[in-house]
Amino acid sequence: MSTTVPPPPKKVNRIGLEVLNYKGSKTTLCAGCGHNSISERIVECFYELGVEPWTIAKFSGIGCSSKSPAYFLGRSHGFNGVHGRMPAIATGALLANRTLLGVGVTGDGDTASIGIGQFIHMVRRNMPLIYVIENNGVYGLTKGQFSATADLGSTLKTGTVNDLPPFDCCALALRWGATFVARSFSGDKKQLQAIIKTAIAHNGLSVIDVISPCVTFNDHQGSTKSYSYMKEHESMLHELDFVPYYEDIAVEIPEGEVREVEMHDGSHLRIRKLHRDYDPTNRLAAATLLEEADARGEVLTGVLYVNTSKPTFLEQLDLVDQPIATLPESKTRPSRAVLDQVMEELR
Amino acid sequence: MSTLEASPAESLPERPHHSVVNDFSIQIATVNGSGSQTANTVLMRSIFQMGIPVSGKNMFPSNIAGLPTWFTIRASKHGYIGRRKEIDFLVAMNPETAREDVMKLDSGAAVVYDEPLKLNELRSDLHFFPVPFDKLVAPVCPEAKLRKLVRNMIYDGVVARLLSIEMDEIRTALIKQFGKKKAKAAELNWGACQAGYEFAAQAFTQSIPFKVERMNATAGKIIIDGNAACALGCMFAGCTVVTWYPITPSSSLVETMIGYMKRFRVDPETGKATFAIVQAEDELASIGMALGAGWAGARAMTATAGPGISLMSEFIGLGYYAEIPVVVFDVERVGPSTGLPTRTAQSDLITTALLSHGDTRHPLFFPSSPEECFSMTIEAFEFAEKFQTPTFIMSDLDLGMNNWMADAFPYPEKPITRGKVLNAEDLERLGGFARYKDIDGDGVGYRTLPGTNHPAASYFTRGSGHNEKAQYTEREDDYVNNMDRLAHKFEVMRKHVPEPVERVAEGAKIGFIAFGTSDYAVNESCDQLKAEYQIEAGYLRLRAYPFTEKMLDFIRRHDRVYVVDQNRDAQLLGLMRLELAPDLIAKLRSVRYYGGLPLDARTVTDDVIKQEGK
């Protein structure tokens, strides 16, 4: 007599969805590409936080990084637009439907070169969007040219030396209005998770600059965006813990060691001090810190800045609560009397 | 000889004893930034209020202050409101251009001018009316710094006296112009008007061969510019997202819209906006935002001119290929490059019809009046969503920025429809969908909007190669299938674009094909050809691209068809050549004007007569 063993219960998140609902199609990027790790973190974060995938919209530009939205959140609408113009597409979509949770993924070519204008204007507007820069300092899809984030003096595989200084996208975001600015490393699972989860909870523009090595064109000696360079030069600002709003936060916190930032949705970012005392709500201090780290040749990672009080662009527009895209005719077509009144004024 | 004296009458040519009533053009030459626009609008409006069909054309420089500007008012009892080349009555206020302005006049014209310019010494075959503007303005405007602005109102008074325009109507127009809030300014200007009128009554006793007489041809009509009409069209079309970048001559379209939307599209229950209007950082961003909004389900639009169209090229290709509804207004100005930013043209036609790299084609709507600016805008939003594609409204500076007499706009009776959009219930019923599959045979797939609360709602939008399921592909058959479906969709559009309008002339051997603001000149030219040369001409006014069967039929019925273009390269003719059969192409001839001013009938008539060998 055989006994049937019931299958183990499927693992689901707090809204009853399996992780499969958060995955995308199979990646076509190179094995070992940092971008794949970032896709995995995005899948984990949304799964673990139990966000409904169909409330998310994904945006990207052109390049290896911009292909990646196809590889995560397959149940979310995605828009792979034109090179460097992801901010415009995302801005328009969020204007149309303010209830969408926007996730944008771009590369350093998109953000720091062709699209730097759109990037900085989106920063200026504090568009509520998670903006991930998969930063490898190189153009992968066109086979290995320098990008504008490549460090001065770094070399290509061919030995060509970069003789221009890099744009620091975090410094730009910090200076011109982003309300959550972080830098991380694709190889740092825990830190990147905490940062992405905080960005999901944040109401405003989150700029996350992730050093994400290109194993094919920029992982050699002489590169400053390689795995080995990051191992030697990464300087973590602090240890991060994200406590979602639905979890009990009444955990004992050692005095003086941990700083807490309450996010828009009631979640908490718990920041554990490492070798220096750092207040991420102080924008000026963040700017100074970036400059100092740069001078020391360190790559600072962690949450550089968070501001939970500045209104977003959508709030400034004073829109109705519902998505304006799908308002009924009764709300979007003024009455006959209005037309009569306007005509009378023109007589 | 005193400059106050009019030119000796005996040197004037023989004129009919009776005056020319309600059929003449007034040109006012001023310096821009001098407040002449108010004086000109008041003059135009007062003639309109007296019931006479009237049009006003502003020829202004791309500059803020100090360069020459001309405003032409045409009064026409026949209802012709196109530009008329011949000027009958000149008001010469600009010393820089006065000499040339006077030399260009036909014999017998009248000239009101600033006395110190001594224009009467230039010619003896004109009626001169010198006015000492500085002397007259001082007593009515004690505040010296305001005099420059008030001074121009004096000519309104002078012209009113000379042309028998009723001063009550001038006053009504003045009060309307200034509104209730600026009553003090209105009074100051009214004083200047009266001073001009009284001066002219005393100083000028000689007769003038032009006269305004009350008619009843403008009752119920409105005065509006095309940009404002488009703005109203957007508001009543239920447009929700407007993203734009300022550029002449389209800026006032969105600026006017902002005013109306703030008044009439704020939700009365919550006091919050049912629309978003965003001034973008450039045209790349403005079209990108509009496409993002259209993708997310908004009725989205942007407005621009030629340089903006060039910049939007890449994104429009994405809109075409990813199939996203958006309405784009191109208020055309003279190119190439910066060109003449404040002059009119129809020279973006081919660029826009085929905008972006790869095989692309776009529907274009051609309004020719404020009424059509309003109705076609509403139609364009419906069309863009029905066919899921960028749809262009091709206006121009003449239509967009000049004031036009128009019939009051009818309220849109057709309900707003949103095209093929699947909601959560549809998806539940269907179990899924293929975004780019041609289910209905019209080339248009079904789409879902981001945020649709259903696990099967999502699809991935991309400008790279995609199959019916919106998946990435580089397969030859997938690519060809998709491009063929898009071509088929464009063919289906032919049956849904606004049809041309024909002015039938029985037995006519020749015909015109024209679009947009060429309409006024072509209609008048048909009359001129008949009256002056006994030539009957048919006329087909196109209202959209792609062309429809009606156009082919019109060409077949005529021996020779004159295609009228306001551009150098005969762009409409060029678009026709791309798809017409050789026997029809052989019938086409070109009439072109590209000097930057609104097209006039005489230019068209003269060209046709020359080509007809008469």
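A salt bridge here is a side-chain nitrogen of Lys or Arg within 4 Å of a carboxyl oxygen of Asp or Glu. B:Glu281 and A:Arg125 form one through their side chains, at 2.7 Å from N to O. Six salt bridges are found across the interface of chain A and chain B.

This is a predicted model, in which local features need pLDDT of at least 70, side-chain atom pairs count only at pLDDT 80 or more, and totals for chains, interfaces and linings use all residues. Residues are numbered from 1 along each chain as its sequence is written, chains are lettered from A in the order in which they are written, and side-chain values use heavy atoms, with hydrogens and water left out.

Now the contact as a whole (heavy atoms within 4.5 Å). Chain A gives 55 residues and chain B gives 78 residues. Together they bury about 5,400 Å², 62% of it on carbon and sulfur atoms. Buried area is the accessible area (1.4 Å probe) that two parts lose on being put together, summed over both. Of the area that chain A buries against chain B, 14% comes from A:His77, A:Arg333 and A:Arg347, more than from any other three residues.

The strands also meet. β2(A) pairs with β17 of chain B (residues 460–462) in the parallel sense, over three bridges. Strands are DSSP runs (E, at least two residues), numbered from the N terminus, and two of them pair if DSSP finds at least two bridges between them. Within this pairing, A:Gly78 stands opposite B:Phe460.

Note on methods:
Helix = DSSP H or I, 4+ residues; strand = E, 2+ residues; numbered from the N terminus.
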